[in-house]
Amino acid sequence: MSAVLEASRDVQLDEGRISIYQPEQAGLIYPSTPRFSNAAEERRHLKERLVAACRAFALQGFDYGFAGHLTVRDPENPGLYWTNPMAVHFSQVKVSNLILADHSGQVVEGRHAINRAGFVLHSAVHEAHPDIVAMCHAHTVYGTAFASLGKKLEPISQDAAAFFEDHVVIGDEAGQVAVEVTAGHKVAQAFKGVKAAIHQNHGLLTASRHSIEAAAFWFIALERCCKQQLMIDATGIAPRLVTPERARYSREHVGSEYIGWLHFQPIWDHLLKTQPDMFD
């Protein structure tokens, strides 16, 4: 998969820089996007980051029974994707218990069953959008509550501006559990050119054309923005919104796939130091 994203249209960056956040000064410690010499090396990397994304969801309290599923496309076999095992808590997901499944929901590697709802939604999105490499969904408190309103997030802050004109509301089959294949197709149609969706009466979904890290961070960010929006709505006072022009400018600089990946790096470093069993 490509880890190189198009530079902002608003700022001229030096050759080799894809974000204004990348240091111009040489020799400083700063995260670098990975490069791989073979598919096996890349697969191991993706599986480790998928596990880290699940552990990050656990730290955020995104668990709800067996609900919630994260996927990343296999680098060598794009018709297959890695996902967390059914009925295993996010905090207990490891490299060794991940499963590999195809678009029909058949497990081709791993001992655990697949989450039916996860297969229906994620496989449809992966199949309809070959450019989408990762996807996340969980039944969160604030995202689920906000989804009941059937509306988009407003640009109330720089954080929320990251989703300005980059998320959709899906009203089809609102509130009906997605276990039928047709439900997945309707969700897939909505993910054309956006990184996030609010599924009415259901919850949040994010997708990335860059990495599982970006998909996971933007899910965490979207849940946080939903919480903030609900808090503001509860005051009964209309907020002062970021103007469309400023919201687009902020989105270009703090809402890109690369920035989502970059935001996840401190989370990865923390998990690396505190949860070494991820790699079992």
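## Contacts around threonine 144

Two residues are said to be in contact when heavy atoms of theirs lie within 4.5 Å. In this predicted model, and leaving aside neighbours within four places in sequence, threonine 144 is in contact with His139, His202 and Gly203.

Threonine 144 is found in helix α3, which covers residues 141-147, and it counts as partly exposed because its relative accessibility is 27%, a value that falls between the limits of 20% for buried and 50% for exposed. Arginine 209 stands 65 residues from threonine 144 along the chain, and the C-alpha atoms of the two are separated by 24 Å.

## Helices α1 and α6

Helix α1 (residues 39-59) and helix α6 (residues 212-235) have axes that come within 9 Å and cross at roughly 10°. Because angles under 35 degrees count as roughly parallel, α1 is described as roughly parallel to α6.

On the α1 side, the residues that meet α6 are His45, Leu46, Arg49, Leu50, Ala53, Ala56 and Phe57, while α6 contributes Ile212, Glu213, Ala216, Phe219 and Ile220. The residues of this contact of α1 with α6 divide into 9 nonpolar, 1 polar and 2 charged.

## The buried residues of α7

In helix α7, which spans residues 244-254, the buried residues are Ala247, Ser250, Arg251, Glu252 and His253. What covers these buried residues includes α4 (158-161) and α8 (257-274).

## Confidence in the model

The chain averages a pLDDT of 91, and 91% of the residues score at least 70. Over residues 1-12, however, pLDDT stays under 50, and for this stretch the model has 30 contacts beyond four places in sequence.

Methods: Residues are numbered from 1 along each chain as its sequence is written. This is a predicted model: local features need pLDDT of at least 70, side-chain atom pairs count only at pLDDT 80 or more; totals for chains, interfaces and linings use all residues. Side-chain values use heavy atoms; hydrogens and water are left out. Buried means under 20% relative accessible area, exposed over 50%, partly exposed in between (1.4 Å probe, protein chains only). Helices (H or I, at least four residues) and strands (E, at least two) are DSSP runs, numbered from the N terminus. pLDDT is the predictor's confidence in each residue, from 0 to 100. Axes are lines fitted to C-alpha atoms, for helices over the stretch in contact, and angles run from 0 to 180 degrees between N-to-C directions. Angles under 35 degrees count as roughly parallel, over 145 as roughly antiparallel, 65 to 115 as roughly perpendicular and the rest as oblique. Ala, Val, Leu, Ile, Met, Phe, Trp, Tyr, Cys and Pro count as nonpolar, Asp, Glu, Lys and Arg as charged, and the others, Gly among them, as polar.
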